[in-house]
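I'm going to look things up one at a time and jot down what turns up.

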Amino acid sequence: MTRDVRQAPSVRYAPTDAVDFVIVGAGAAGGVVARELARSGFRVLVLEQGPYLRESDFKHDELLVSEGHQLTNIPSLQPQTFRKTAADTAARRDYIIYGRMVGGGSVHFTANYWRLHEEDFLERTRYGSVPGAALEDWPIRYADLEPYYTRAEWELGVSGIAGANPFDPPRSRPYPLPPLPIKPSGVLLEVGARKLGWHPAPAPMAVLSQPYRGRSGCHHCGFCESFGCEWKAKSSTLATMIPDAERTGRCEIRPHSYVRRIQTDSRGRVTGVVYFDAQKREVMQRAKAIVLCANGAETPRLLLMSASNQFPNGLANSSGAVGKYLMFNGGAFAGALFEHEVNGYKSVQVSRYVQDHYRLDPKHGIVGGGGIDMRFDWYPISFAMEALPTDGPRWGADFKKMVREYFTRTAYALAHTTQLPQEASTITLDPELKDAWGLPAIRTTFTEHPNDMKLYQFFLERNLELLNAAGATRTWAFGLDAPWQVHLLGTCRMGNDPNTSVVDKFHRAHDVPNLFVVDGSSFVTCGTGQPTMTIQALAFRAAEAIARFAKRGEIPSRG
Amino acid sequence: MSDPVRSRRDFIALLGTTASTAWLATIWPPAIADARETAHAVSQGQAPRYRALTQQQAEDFGAAADRIIPRDDAPGARDVGVVFFADHLLASFAPARKPAFDQALVALNEAARTRVPTASSFASLSTSQQDETLRSIETTDAFDLLRTITISGYFSHPSHRGNRDEAGWKAIGFQDRMSWTPPFGYYDQPDVMARLMPWRRP
C-alpha cells in the first residue's frame, strides 16, 4: 500500500483555526502558490483530494498508472459525462484526465515547457471578431509575465538553450540548465525540418539535464509521460515547491481532503471550506482567504457546487462565465517507420521541436497556429494497442511481426495547436450522475470550432511532411478527434470587466474580495504553447500579488 | 466501444476496471512471489490453480490468445503466462469485467460452432479453424476484450503474472531500466550525427 505522508508535517492546523490561506489543490499552480505564500510569512493549508505519494511509490508499470489510476482521477469513483452540444443528453464518458495527488499533473506530465509568445495575449486584436468564437485579449501582456516565466525556469529547473528557437519571445535570463541530450527522434526532426527550411531547436523541458538544487539530473529511463519520476529529475511541484513550502514550517499539505463547498458569510466573503476527509467525514476548515488551484475542470465545478441564496448561479459567477470557454489546445498526430533504431522508449519523450507555424500566414484563412515535436510516448502495451498504422493487422502472426519490427524504429510527430474559446464549450454539473461522495459529476460539453478542425488538418499535413523529409520509410496519420483531454483551460477566464470574466488580472474573483483562482481556468485564450509553464508563471505572479495585497490589508476577510 | 476512433487509452476503457487500493496493495512484491509459485507448479507438471477462470475458459482463452499473439521465434501468448494474467486480472482488480469476459468466451464458442458444428469448444479446433473463427468476430466487442487482455498480459510488468521472464518485452526490444546513456539508438551516434547534421557544432 502506498504511504501517504512522506514525513511528519512541519505544522498542523486545527479546522477551527482560521489560517491565512486555504489553497485547494496541490498541483502545478497550487504547489507554487503554497510555497510563495508560506515563504512570505503566511500560514498556509493546502487541501489535496489525492494521496501524498513519494518517489518510491512510482513504478515502471503501465497497468498501475493506466488501469490503477495511481496518479490521476479515478473514473470508478469520479465518473463523468460528455456531450457535444447543450441540445444533446450527456452520456457517461471519462473525457477529462487530471493529476490527482500532491504535485497534481506536474508529476505525470511530459514536461514540455514552452512560454507563450507576445501575440498569444493579443489574439482579439490580431484577428478581430471571429464568428462563433469568444476571442478576447488577455488583461496582461507577455511583458507582464516575462519575469515570472524566468522565475519559473530558475525556481523549478528547466533545460534548454536561450536563442536557439528564433521564434522565442524575448527573455531576461538564459535557461538555468543546458538542454538534455539529443535523441534519435531529435536528430530526425532536425534533418527533416532543415530540409523543409524550418528552424528546429532543442525543446525546453522541465527535466534536469544536470543536478540542480539538490536534485538528480535525468537518468533517461524514459518513463516521463504518464509516470512519476523516481529520480526527482522531473521538475514537478512534488519534487520542488511542496518540500520548500513545508520547510517554512508554516505550510501544511493535507492529502485525501476533497473539498465539496466554499462557505461564505452574509457579506459575501469566503470563510472556509467544507471537505471530505479520508474517511468521508465532512470537515469545516476556516480560512481568512482561499486560493482555488483545483484545475480547469474541478475549479469551476467547485464554484458551481458552492451556489447559495446569495450566489444562486454559483460562487463568483455573476458574470455567468464560470465553466464556460473551455479549451484544451488542439493537435494532430502522425507516426513513421525509419530504417534504423530510434529507440524512442529511452530518455525524455521530446528533445527537439519546431515553431515555424506558430502563427499561420493569413493566406491560409485559419486563425492560430502551432508547434511540432517528434516524440515517442508509448510504452509496450499502449504501443501494441494503439501505435501502429490504423489499417494494419490487429492480431495474428502479421500483427506480432509488425509490433516487433516497429517498436524500436518508430517516431511520431505531434502538433500542438490553438483552439478557439467558445461560450458553448463548458464544464457544468451533471444533473443526475453523482460521484462516490454523492456530489454532482463533471459534465463536459464540447465541440471544436470549424476553424480548429481546419487547423488540425493543416498540421496533420505538416507532420507527415516532416516525417517524410526526415527519411521515413512509411508514415501514417491518426484521427483528429481527441479521445480524452488533459489541458484544462479557460473556465474562469481573467479579464478587466466583471460582467464578462470571473477573475481580475491578479486572479482575484470580481465578486468575492478574499477568493482567488489560479490555474488553467484563468486562461483567456489557450495560446499556441504547451500550457503548464504559463500556469506556473501565472501562479508565481499571482502569489506575489496576493502576498502584497495581504500585507497591505487589502484582502478583507470575515468581519 | 464501437467508436471507430481507436484512442490511445481505449484499452483502458475496454478493461473498464474498478481499480481498488486492494489491488494496488497486491502488486508488490507478493504478486511476483505468487507468479513464481505458479510458474514453478506448471514446470513441475501440476495443474495450475485458477481463481476466476474455469479450466475450459482457460483453454479457450489461451487458444485464442495464442492466435492473437502466436509463437514465432519469440514465445506466444500462452508461453508467457497470459492466461494467468487474465485469471489474476479477473480475480483481483477487474472482477467487474468477469461477466463481459464470460460472454466473450460464449460468443467465441458460438462462432466456433458456426464454423464447425461438431466442435466441442474453440480450443478443440485446428489453428486454421481458430483463425477463421476469430476472423468472423474480429469487429466485435467480444474480440476486442480478448485482444486487449492478451496484449496487456503479453506486455505488462511481469508482476501481473504475464510477460514471464520479460519475454514480451524482449520480443520487441524493450528493456525496463532505471538508467540509459546516449547514444540511445542509431541516429544519435556521434559519427551518424556528424554525417546527417553537418551544421551541428561538436
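**Entry 1: a strand on the inside.** My cut-offs: buried means 20 or more other C-beta atoms within 10 Å of the residue's own, exposed means 12 or fewer, and partly exposed is in between, with C-beta atoms placed from the backbone. Strands here are DSSP runs of E with at least two residues, helices are runs of H or I with at least four, and both are numbered from the N terminus.

Then I checked the faces of β12(A). On one side sit G370(A), I372(A) and M374(A), on the other G371(A), D373(A) and R375(A), and all are buried.

Before going on, a note on the model. It is predicted, so I kept in mind that local features need pLDDT of at least 70 and side-chain atom pairs count only at pLDDT 80 or more, while totals for chains, interfaces and linings use all residues. Residues are numbered from 1 along each chain as its sequence is written, and chains are lettered from A and ligands numbered from 1 in the order in which they are written.

**Entry 2: the partners of β12(A).** Which strands pair with it? Strand β11(A), residues 350–354, pairs with β12(A) in the antiparallel sense over 3 bridges. Strand β13(A), residues 410–417, also pairs with β12(A) in the antiparallel sense, over 6 bridges.

**Entry 3: chain A as a whole.** I found 12 helices and 17 strands in chain A. Its radius of gyration is 22 Å, close to the 24 Å that the globule rule gives for 559 residues, so chain A is as compact as a globular protein of that length. (The radius is taken over C-alpha atoms, and the rule is 2.2 Å times the number of residues to the power 0.38.) Along its principal axes the C-alpha trace spans about 70 × 50 × 50 Å. Of the 559 residues, 62% count as buried.

Entry 4: K232(A) isn't glycine, yet its phi is positive, near 60 degrees. I found K232(A) in the loop between β5 and α7 of chain A, and it is buried, with 20 other C-beta atoms within 10 Å. Y325(A) also has a positive phi near 60 degrees. Its loop runs between α8 and β10 of chain A, and Y325(A) is buried too, with 31 other C-beta atoms within 10 Å.

**Entry 5: over to chain B.** Helices α4(B), residues 55–68, and α7(B), residues 127–136, pack at about 85 degrees with axes 10 Å apart. That makes them roughly perpendicular, a label that covers 65 to 115 degrees. I listed who meets whom: A63(B), A64(B) and R67(B) from α4(B) meet T127(B), Q130(B), D131(B) and L134(B) from α7(B). Contact means C-beta atoms, placed from the backbone, within 7 Å.

I also spotted a cis peptide bond joining P182(B) and P183(B), with omega about 0 degrees.

**Entry 6: where the chains touch.** How many residues of chain A are in contact with chain B? I got 53, against 51 residues of chain B. On chain A's side, α9(A) gives the largest share, 6 residues.

Conventions:
Contact = placed C-beta atoms within 7 Å. Axes fitted to C-alpha atoms, helices over the stretch in contact; angles between N-to-C directions. Parallel < 35°, antiparallel > 145°, perpendicular 65-115°, else oblique. Pairing = 2+ DSSP bridges.
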